[in-house]
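Here is a short note on the charged side-chain contacts. Please read it with the structure open.

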Amino acid sequence: MNKKLNIAVVGATGMVGRTFLKVLEEKQLPVENYYLFASKRSAGTKLTFMGKEYTIEELTENSFDRGIDIALFSAGGSTSEKFAPIAASKGCIVIDNSSAWRMDENVPLVVPEVNPEDIKWNKGIIANPNCSTIQAVVALKPLDDKYKIKRVVYSTYQAVSGAGMGGWNDLENGLKGEAPKKFPYPIAGNCLPHIDVFLPDGYTKEEVKMINETRKILGKPDLRVTATTVRVPVFNSHSESINVEFENSFDMKELREVLSTAPGVVVQDDIENNVYPMAINATGTDETYVGRIRRDDSVENGINIWVVADNIRKGAASNAIQIAEKLIEYMNNND
């Protein structure tokens, strides 16, 4: 094939949408035409992208009647539910950043470092996982391959950018003493153990997403996983404390080597020199940083790790574009 493609960005004016554009500029994919879509409210906005000015078009049912090959969606669940099947019916492959399709058994849920082969069975829609899940499974996959994961306990420290511009503004304005608009309580100087809505069992939707998505991506439907997700007063990049129990025994030196050589992982773990992953350093990058690697002596084969990544890049836009790159690779190999 190796033809130049037509790519659409849906939700181009949002926080993730604008990051899509930034990452696309960096990657320089083989693209003939880009089409930028958003809601009626944002239609007509002008953006400079790839050195030229684009006018944002309103997303309609006819938007995909022009031979679009791949569409990157980040416009919310209801938009994806309505428009992704329309795009797919016109021969476009949708890479969707919302939660709308993630747990659909007919839709692959993909992190390219973990399960790229799942891209091949797509039926027109590929789901991009939750930001907090993406960085976790990048670190967990090589460990699961080597030692067989038995149980995972997640505790997250999630940045306000994960809640969009509203979350960002709440922190920025809260630091000036203003009342919150997005969150139920002030986030400045505070931690909120409450991301997304509470469910009848006391878990939040974010926690359930992490549990179910981890199982699906790793292909382990019965994996024991639990999560507590917390919003913290950090602008960007999520941090996670992950406790992992393995079926097999391990040597710490070898385990570190497994992580050090894993795709997409950067080990930062030199405690003598205070080297460990931090949100401030992960921001603006696409890697998943792992540190504080230590044995958990409270169980037979356990470890604790600290995992940090940019939630808007690796946790959303960059992961979606990495999927697009793999998709293009598979398209070319099939022709």
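A salt bridge here is a side-chain nitrogen of Lys or Arg within 4 Å of a carboxyl oxygen of Asp or Glu.

1. Start with the overall picture. The model is predicted. Searching the whole structure gives 17 salt bridges.

2. Look at Lys27 and Glu325. Their side chains meet in a salt bridge, at 3.4 Å from N to O. The pair links distant parts of the chain. Lys27 sits in helix 1 (residues 15–27), Glu325 in helix 8 (residues 313–334), and 298 residues separate them. Lys27 has a relative accessible area of 30%, so it counts as partly exposed. Glu325 is partly exposed too, at 29%.

3. Turn to Lys220 and Asp144. Buried or exposed? Both are buried. They form a salt bridge, with the closest N and O atoms 2.7 Å apart. This pair also joins distant parts of the chain, 76 residues apart. Lys220 lies in the loop between helix 5 (205–218) and strand 10 (224–231). Asp144 belongs to helix 3 (residues 131–147).

4. Next, check Glu245 and Lys150. The closest N and O atoms of this salt bridge are 3.7 Å apart. Glu245 is in strand 11 (residues 238–246) and Lys150 in strand 9 (residues 149–158). The two are 95 residues apart, and the pair links distant parts of the chain. Glu245 is buried because its relative accessible area, 14%, is under 20%. Lys150 is partly exposed, with a relative accessibility of 35%.

5. Finish with a network. Which residues does it link? Salt bridges connect Lys22, Glu26, Asp286 and Arg313.

Technical notes. Residues are numbered from 1 along each chain as its sequence is written. This is a predicted model: local features need pLDDT of at least 70, side-chain atom pairs count only at pLDDT 80 or more; totals for chains, interfaces and linings use all residues. Side-chain values use heavy atoms; hydrogens and water are left out. Helices (H or I, at least four residues) and strands (E, at least two) are DSSP runs, numbered from the N terminus. Buried means under 20% relative accessible area, exposed over 50%, partly exposed in between (1.4 Å probe, protein chains only).
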